[in-house]
Amino acid sequence: MVPVCPTDALPPGEAIRVTADVPAPVAVFNVDGEFYAIDDTCTHQDASLADGWLEGCAVECPLHASCFDLRTGMPSGPPAKTPVRTHAVTVVDGVVHLQVGVAAEGAA
Amino acid sequence: MTATVAVVGASLAGLSAARALRARSYDGRVVVIGDEAHAPYDRPPLSKEFLAGTYTREDLALGTAADEALDLDWRLGTTAVGLDRGRRAVRLADGSEVRADGVVLATGARARRLPGTEGLAGVHVLRSLDDAVALRADLLAGGHLVVIGAGFIGAEVASTARGLGLDVTVVETQPVPLAGPLGARMGAVCAEVHADHGTRLLSGTGVARLVGTGRVEAVELADGRRLPADVVVVGIGAVPNVEWLADSGVTLQGGVLTDARCATDVPGVVAVGDCASSWSPEAGRAVRVEHWTHALEQPTTAVATLLGTDPGTRPAVPYFWSEQYGHRIQFAGTRGDGDDVRVVEGSCADRSFLAVYERDGRPVAVLGVDQPRLFTRWRRQLRSAEPALP
Ligand SMILES: Cc1cc2nc3c(=O)[nH]c(=O)nc-3n(C[C@H](O)[C@H](O)[C@H](O)COP(=O)(O)OP(=O)(O)OC[C@H]3O[C@@H](n4cnc5c(N)ncnc54)[C@H](O)[C@@H]3O)c2cc1C
Ligand code: FES
């Protein structure tokens, strides 16, 4: 498990980009107190999804606006055609932890 | 006759319309008519990744496996030559017709050509996949490229060609490139990026003629200068593909004229994407928007109009992006001359900044260069300030 940050460092509506100790950058989001993690790099081009716009349980890519469902990784529509990978997140002693390579529950 | 919608134009706007029809549970026949032989493909990479050689044809495909379920009746390689409003039929070049209760006009635009350059080898425009394949082949031979027009497509081609190692000169009639979309001040800032990367930009100079027999050899400027040229790209804008509608009764006014909900003045006929000149409450006039995101999103409204349902979504503010020399340029909103421009983050000199356009103290547009995160927040803010559809 990769520690990310204390829960209060990632308030609702915010995202953080994790690059240390992960094979590829991961974006972690706080949606109303629930944490979600997906690959940070958009599957269309090389935008960072942590820079995107959170809308409900989806993030809109900052470049060409494909929306990815944070629970499943699925894009809602063009230009992205393939899903991003999801990663399981757990909170241990007030610290957000990533389980890279373990798909989140309900992921595609 | 089974219920039928005919979509004319099989590119981004046409495919998006077909998807929107099914998303709204339309279960009639959907016939998609497109004059290109290719299945729908994406155009923005044609001046960027595809021209550079980092994208393949497969990468350009707009369709996905999920589209199989849409059950569309494709008529590719088929040109629509007329619309008969009385018979509610789209006439095709082979003499046949498609009768339909509803018609979506999505025939887009084509590149404007320089008169008198037909048949001169080495002279290109860039709109279609076939154009891009031909241009790339010529660029790979290297040498001198002259780009006529420093708009977005001209600037992107210049940038890609520099990456391929060509010597590049861009000629622009206007004193400041991109002054139309970005305003003079920001247009000048973006123009400086050419010089950063070794591209020569000659602004405020017209082209007198192209020199060469059989194949282009030089571009002669209005002031008499001669630029040697192995390849010339003409990037002087696009004209809507609407001539085929001349006798249809649909009003044409710099494109197919529609209201804010994409309805033309012929019942059951809507228009979307680059061919449509749609009423913009923000601008106070009809505007023909030529941006990717617009062609993607506008069909949702058009299909709701066609089916008589509520469009539901708030109209998005106009948005486009460009990529030049590795910089990401993003613009959203409706700019006017006389707007104040303020750089609120970064600096123009660093080629990384966010500029906000204000009218009467209210933000109306935003330009970002290599600022995707901040730009996205501003674009959202502009969207929520936009009035809902009347
Ligand atoms: C090289 C290039 C780069 C671009 N880069 C960007 C960018 O970076 N950012 C951005 O926001 N936008 C960009 N654009 C603009 C964007 O691609 C267009 O806004 C978009 O393609 C419009 O989609 P459309 O479906 O309305 O029209 P089009 O894509 O033009 O498609 C119309 C289709 O209808 C067909 N057709 C025309 N007449 C007929 C007929 N009579 N019968 C049957 N079929 C017909 C045409 O052949 C074409 O296939 C770029 C465009 C080009 C050409
Ligand atoms: S990079 Fe994300 S949609 Fe294009």
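1. Chain B of this predicted model is divided into domain 1 (4–110 + 239–307), domain 2 (113–236) and domain 3 (326–384). The centres of domain 1 of chain B and domain 3 of chain B, taken over C-alpha atoms, are separated by 30 Å.

2. The secondary structure of chain B amounts to nine helices and 26 strands. Its radius of gyration is 22 Å, which is close to the 21 Å that the globule rule gives for 390 residues, and chain B is therefore as compact as a globular protein of that length. Taken along the principal axes, the C-alpha atoms of chain B fill a box of roughly 60 × 55 × 40 Å.

3. A record also has something to say about chain B: UniProt, in an unreviewed entry, places the feature "domain: FAD/NAD(P)-binding" at residues 4–298.

4. In terms of secondary structure, at least two shell residues are supplied by each of helix H1 (12–23), strand S2 (29–34), helix H5 (152–163), helix H8 (292–307) and strand S22 (319–324) of chain B.

5. There are 33 residues around ligand 1, and those that come nearest are B:Asp35, B:Glu36, B:Arg43, B:Lys48 and B:Arg127. Sorted by class, the shell has 14 nonpolar, eleven polar and eight charged residues.

6. An N or O atom in the side chain of B:Asp35 lies 2.5 Å from an oxygen atom of ligand 1, while a polar backbone atom of B:Leu12 is 3.4 Å from an oxygen atom of the ligand. At B:Trp321 a backbone N or O atom is 2.9 Å from a nitrogen atom of ligand 1. Taken alone, ligand 1 exposes 1,000 Å², and the protein buries 94% of that area.

7. Turning to chain A, the reader will find zero helices and nine strands, and along the sequence the pattern reads β-β-β-β-β-β-β-β-β. For 108 residues a compact globule would have a radius of gyration near 13 Å, and the 12 Å of chain A agrees with this. The C-alpha atoms of chain A fill a box of roughly 40 × 25 × 25 Å along the principal axes.

8. For chain A, UniProt lists "domain: Rieske" at residues 2–98, again from an unreviewed entry. Across residues 2–98 of chain A the chain is 0% helix and 42% strand, and the end C-alpha atoms are 5 Å apart.

9. What kind of peptide bond joins A:Pro78 and A:Pro79? The bond is cis, with omega at about 5 degrees, and A:Pro79 is found in the loop between strand S7 (67–69) and strand S8 (86–92) of chain A. The other detail concerns A:Asp21, which has a positive phi of about 60 degrees although it is not a glycine; A:Asp21 is placed in the loop between strand S2 (15–18) and strand S3 (26–31) of chain A.

Key. Residues numbered from 1 in each chain as written. Chains lettered and ligands numbered in written order. Predicted model: local features only at pLDDT ≥ 70, side-chain atom pairs only at ≥ 80, totals over all residues. Heavy atoms only, no water. Near = heavy atom within 4 Å. Polar contact = N/O pair within 3.5 Å; in protein donor to acceptor, adjacent residues only side chain to side chain. Areas by Shrake-Rupley, 256 points an atom, 1.4 Å probe, with all protein chains shown as cover. Helix = DSSP H or I, 4+ residues; strand = E, 2+ residues; numbered from the N terminus. Nonpolar A, V, L, I, M, F, W, Y, C, P; charged D, E, K, R; others polar. UniProt positions renumbered as here; feature names shortened; annotations may be inferred. Rg over C-alpha atoms; globule rule 2.2 N^0.38 Å. Domains from an automatic or database assignment.
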